Amino acid sequence: MITKLTVTNIHVIDQNSAYDFYVNKLGFKLVDDIPMGADSRWLTVSPPEQPDLQLVLFPVKVSKMFPKEVAESLIDLIKKGIFGCGVLTCNDIFATYEELKEKGVEFIKPPTKEFYGTEALFRDDSGNYFSLQPLNNFDK
């Protein structure tokens with residue numbers, strides 16, 4: 001039987017910019033940066049305390065996988081923030097929020113107490129959005 005998810009992808013518009021965002025702003029660790037032909041690469045990062053989960057920073061561009069019309073549509077949707085990517089957790093949401101803001105992360109919503117717990121919302125440099133929540137947020 002399946003035991004866990006180990007690799008998944010986040011569609012990004014520019015891999016170099018995404019690398020800077022995930023590694024230098026969010027503090028993720030680089031796992032792989034492997035050239036794959038003339039203008040492609042396999043670029044994966046992991047949350048610092050979850051090295052067994054790799055996120056592929058997967059570029060959306062015209063290719064065999066993404067014909068021109070599809071690539072253009074996907075890029076437009078990513079920029080609009082249509083795709084929610086997930087929930088990231090931290091030990092102290094208020095301190096993490098301030099640290100990420102200082103690094104240039106743009107938040108859609110500051111830490112706010114909701115009926116389900118406390119969360120802040122931000123977008124990555126491509127437009128994908130994330131919920132930032134404290135550990136054990138749902139235990140309350």
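**Ground rules.** I number residues from 1 along each chain as its sequence is written, and my side-chain values use heavy atoms, with hydrogens and water left out. Since the model is predicted, I require pLDDT of at least 70 for local features and 80 or more for side-chain atom pairs, while totals for chains, interfaces and linings use all residues.

**Entry 1, salt bridges.** I looked for a side-chain nitrogen of Lys or Arg within 4 Å of a carboxyl oxygen of Asp or Glu. How many salt bridges does this rule give? I count seven.

Asp76 and Lys80 are joined through their side chains, N to O at 3.1 Å. Glu99 and Lys103 make another salt bridge at 3.3 Å, N to O. Lys109 and Glu114 pair as well, with their closest N and O atoms 2.7 Å apart. I also found that Lys109, Glu114 and Glu119 form a network of salt bridges.

For accessibility I call a residue buried under 20% relative accessible area, exposed over 50%, and partly exposed in between (1.4 Å probe, protein chains only). Asp76 is partly exposed at 36%. Glu99 is partly exposed at 43%, and Lys103 is partly exposed at 35%.

I take helices (H or I, at least four residues) and strands (E, at least two) as DSSP runs, numbered from the N terminus. Helix 1 covers residues 15-25. Which residues of helix 1 are buried? I list Gln15, Ala18, Phe21, Tyr22 and Val23. With contact set as heavy atoms within 4.5 Å, the buried residues of helix 1 pack against strand 1, strand 2 (29-35), strand 3, strand 4, strand 7 and strand 8.

I then checked both ends. At the start of helix 1, the backbone nitrogen of Asn16 has a side-chain oxygen of Asp14 within 3.0 Å. After helix 1 comes Gly27, with a positive phi near 85°.

Where does Ser126 lie? I place it in the loop between strand 7 (117-123) and strand 8 (129-134). Ser126 is buried, at 5% relative accessible area. Leaving aside residues up to four places away in sequence, Ser126 touches His11, Val12, Ile13, Asp14, Ile78 and Lys79. For Ile13 I also have a distance: its backbone nitrogen is 2.9 Å from a polar atom of the Ser126 side chain.

Gln54 belongs to strand 4. Is Gln54 buried or exposed? At 19% relative accessibility I put Gln54 down as buried. Not counting residues up to four places away in sequence, the contacts of Gln54 include Thr6, Val7, Thr8, Val31 and Asp32.

I searched a 1 Å grid over the protein atoms alone; a pocket is an open set of points where a 1.4 Å probe fits, with protein on both sides within 12 Å along at least five of seven lines, and lining residues have an atom within 4 Å of a point. Grid points are joined across faces, edges and corners, and a volume is the space filled by probe spheres set on the points.

The largest pocket has a volume of about 800 Å³. Its lining holds 30 residues, and Phe28, Pro47, Pro48, Leu88 and Thr89 are the closest to its centre. Strand 1 (7-12), strand 5 (84-90), helix 3 (93-102) and strand 8 each give two or more residues to this lining. Strand 5 supplies the largest share, six residues. I class Ala, Val, Leu, Ile, Met, Phe, Trp, Tyr, Cys and Pro as nonpolar, Asp, Glu, Lys and Arg as charged, and the others, Gly among them, as polar. On that basis the lining of the largest pocket has 17 nonpolar, eight polar and five charged residues.

The second largest pocket holds about 250 Å³. Of its 14 lining residues, Ser40, Phe58, Pro59, Lys61 and Ser63 are the closest to its centre. Strand 3 (41-46) and strand 4 (54-59) each contribute two or more residues. Strand 4 gives the most, with four. By class I get eight nonpolar, three polar and three charged residues in the lining of the second largest pocket.

Glu102 sits in helix 3 and is exposed at 72%. Glu102 and Cys90 are 12 residues apart in sequence, and I get 16 Å between their C-alpha atoms.

Definitions and conventions: A polar contact is a pair of N or O atoms within 3.5 Å; within protein, one must be able to donate a hydrogen and the other to accept it, and residues adjacent in sequence count only if both atoms are side-chain atoms.
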